[in-house]
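Subject: Structure for your attention, with notes

Dear colleague,

I am handing over the structure we spoke of, together with some notes on what was found in it. Please have it open while you read.

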Amino acid sequence: MTDVNSIISALKNIRAPGVIDELELQETVRQALDDAKIEYKKEARIDKGCRVDFFIDGIVLEVKARIRPSSVLKKQLSKYASCQCVKELILVSNERASVPGIIMGKKVHVLLLKSLWGISV
């Protein structure tokens, strides 16, 4: 079983260019997971009307190239967190995201890719 720290460790190897669309960013994340030999379900349906970018042993990994308004993003993550099969959430983005550290009792990890370059704007 894969834990959240292993996933985050694999994702910290990503060096994505500053301008990248969501599909390219998802492909970059997929490659990092594959390189780390982490098994995942891509575009996984975790509940009715609830499809996530990646699902790994109860962990939702959501990829956002562009951050939506925080209220919209929080609503989306809350929908995922409401699913019983979800234990934790990881948000990967090129842009700073303002989301709570815990949603519906489930920890939310935010990985800002720009900060992996030593740049955090």
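This is a predicted model: local features need pLDDT of at least 70, side-chain atom pairs count only at pLDDT 80 or more; totals for chains, interfaces and linings use all residues.

**The aromatic pair**

The structure holds one aromatic pair. It is formed by Tyr40 and Phe54, whose ring centres lie 5.4 Å apart and whose planes stand at 75°, which is over the 60 degrees required, so the pair is classed as edge-to-face. Tyr40 belongs to the loop between α2 (22-35) and β1 (41-47), while Phe54 sits in strand β2 (residues 50-56), so the contact ties together parts that are 14 residues apart in sequence. Lys42 is itself partly exposed, with a relative accessible area of 34%.

**Helix α2**

Helix α2 has 14 residues and reaches 20 Å from its first C-alpha to its last, which is close to the 20 Å expected at 1.5 Å a residue. Its buried residues are Leu25, Gln26, Val29, Arg30, Ala32 and Leu33. Seen down the axis of α2, these buried residues fall within an arc of 160°, so they line one face of the helix. On the other side of α2, Leu23 and Asp35 are exposed.

Both ends of this helix deserve a look. At the start of α2, a side-chain oxygen of Asp21 comes to within 3.1 Å of the backbone nitrogen of Leu23, and just after α2, Lys37 takes a positive phi of about 60°.

**Salt bridges**

The count of salt bridges comes to four. One of them joins Arg30 to Glu27, with the closest N and O atoms 2.4 Å apart; both residues lie in helix α2, three residues apart, about one turn of the helix. Arg30 is among the buried residues of α2, whereas Glu27 is partly exposed, with a relative accessible area of 39%.

Which residues form the salt bridge with an N to O distance of 3.5 Å? The side chains of Glu62 and Lys64 meet there, and Glu62 is buried, as is Lys64. Salt bridges that share partners also join Glu27, Arg30 and Asp34 into one network.

Lastly, Gln76 lies in helix α3 (residues 70-81) and is buried, with a relative accessible area of 13%. The side chain of Gln76 makes a polar contact with the side chain of Tyr80, at a distance of 2.8 Å.

Notes
Residues are numbered from 1 along each chain as its sequence is written. Side-chain values use heavy atoms; hydrogens and water are left out. Rings of Phe, Tyr and Trp (its six-membered ring) pair if their centres lie within 6.5 Å; planes under 30 degrees apart count as stacked, over 60 as edge-to-face and the rest as tilted. Helices (H or I, at least four residues) and strands (E, at least two) are DSSP runs, numbered from the N terminus. The expected span of a helix is 1.5 Å times one less than its number of residues. Buried means under 20% relative accessible area, exposed over 50%, partly exposed in between (1.4 Å probe, protein chains only). The arc is that of the directions from the helix axis to the C-beta atoms. A polar contact is a pair of N or O atoms within 3.5 Å; within protein, one must be able to donate a hydrogen and the other to accept it, and residues adjacent in sequence count only if both atoms are side-chain atoms.
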